[in-house]
Amino acid sequence: MKITRSIFLILTMLISCSGKGSNLSPDCNIDAGPCIKSNMKKEISFGIEPRPVRAMESLHFRVKLANYKNTQSVIVDLSMPEMSMGYNQVPLNKTGINTFEGRGIIPFCPSGKGLWKASVIINDKVEERFLINVHY
Ligand SMILES: [Cu+2]
């Protein structure tokens with residue numbers, strides 16, 4: 001059932017992937033380890049394994065938070081800048097005091113472009129965006 005859903009998700013993405021893409025570039029090197037962004041005293045660490053990060057592989061997402069209070073939910077939304085890639089959100093489970101983890105897949109984009117945007121959504125609000133390069 002879960003596999004069927006994943007395949008459906010990937011097919012939907014392959015079909016819906018359209019647009020010319022953008023001239024943006026990665027703002028962090030996800031292959032080197034977790035990326036960290038901070039805003040005031042709040043800090044988000046975002047990591048993906050295994051590295052290097054590849055499309056069409058089962059990926060482990062890990063978000064670590066510092067100075068966030070009352071965190072009810074953490075979701076990673078995966079999209080491509082200026083492209084329609086369909087819905088792909090990975091809900092994370094709390095695995096430690098400030099650690100949230102989950103598994104997901106980044107699909108192949110027929111355009112060949114590997115720039116993905118991972119938005120970290122905390123309590124239904126986008127807190128931070130990471131532009132990462134994914135290998136095909
Ligand atoms: Cu795409």
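This is a predicted model: local features need pLDDT of at least 70, side-chain atom pairs count only at pLDDT 80 or more; totals for chains, interfaces and linings use all residues.

Me: How many bridges join β3 to β6, and which way do the two run?

Reply: The general idea is to go from one partner pair to the whole strand pair. Here seven bridges join β3 to β6, and the strands run antiparallel.

Me: What joins strand β2 to strand β3?

Reply: Seven bridges, linking residues 42–49 of β2 to residues 58–66 of β3, again in an antiparallel run. For one example, find phenylalanine 46, whose bridge partner in β3 is valine 63.

Me: And how many bridges join strand β5 to strand β6?

Reply: Two, between residues 89–94 and residues 99–105, with the strands antiparallel. Look there for asparagine 93, which stands opposite glutamate 101 in β6.

Me: How do I put the pairs together? In what order do the strands of the open sheet lie?

Reply: Walk from neighbour to neighbour. You get β1-β2-β3-β6-β5-β4-β7-β8, an open sheet of eight strands with antiparallel pairing. The edges are β1 (35–39) and β8 (125–133), each of which pairs on one side only. On average, neighbouring strands in this sheet are turned by 25 degrees against each other, ignoring direction.

Me: What share of the residues counts as buried?

Reply: 22% of the chain's 136 residues. As for contacts with a separation of 6 or more, 64% are between residues 24 or more positions apart.

Note on methods:
Residues are numbered from 1 along each chain as its sequence is written. Two strands pair if DSSP finds at least two bridges between them. Helices (H or I, at least four residues) and strands (E, at least two) are DSSP runs, numbered from the N terminus. Axes are lines fitted to C-alpha atoms, for helices over the stretch in contact, and angles run from 0 to 180 degrees between N-to-C directions. A residue is buried if 20 or more other C-beta atoms lie within 10 Å of its own, exposed if 12 or fewer, and partly exposed in between; C-beta atoms are placed from the backbone. Two residues are in contact if their C-beta atoms, placed from the backbone, lie within 7 Å.
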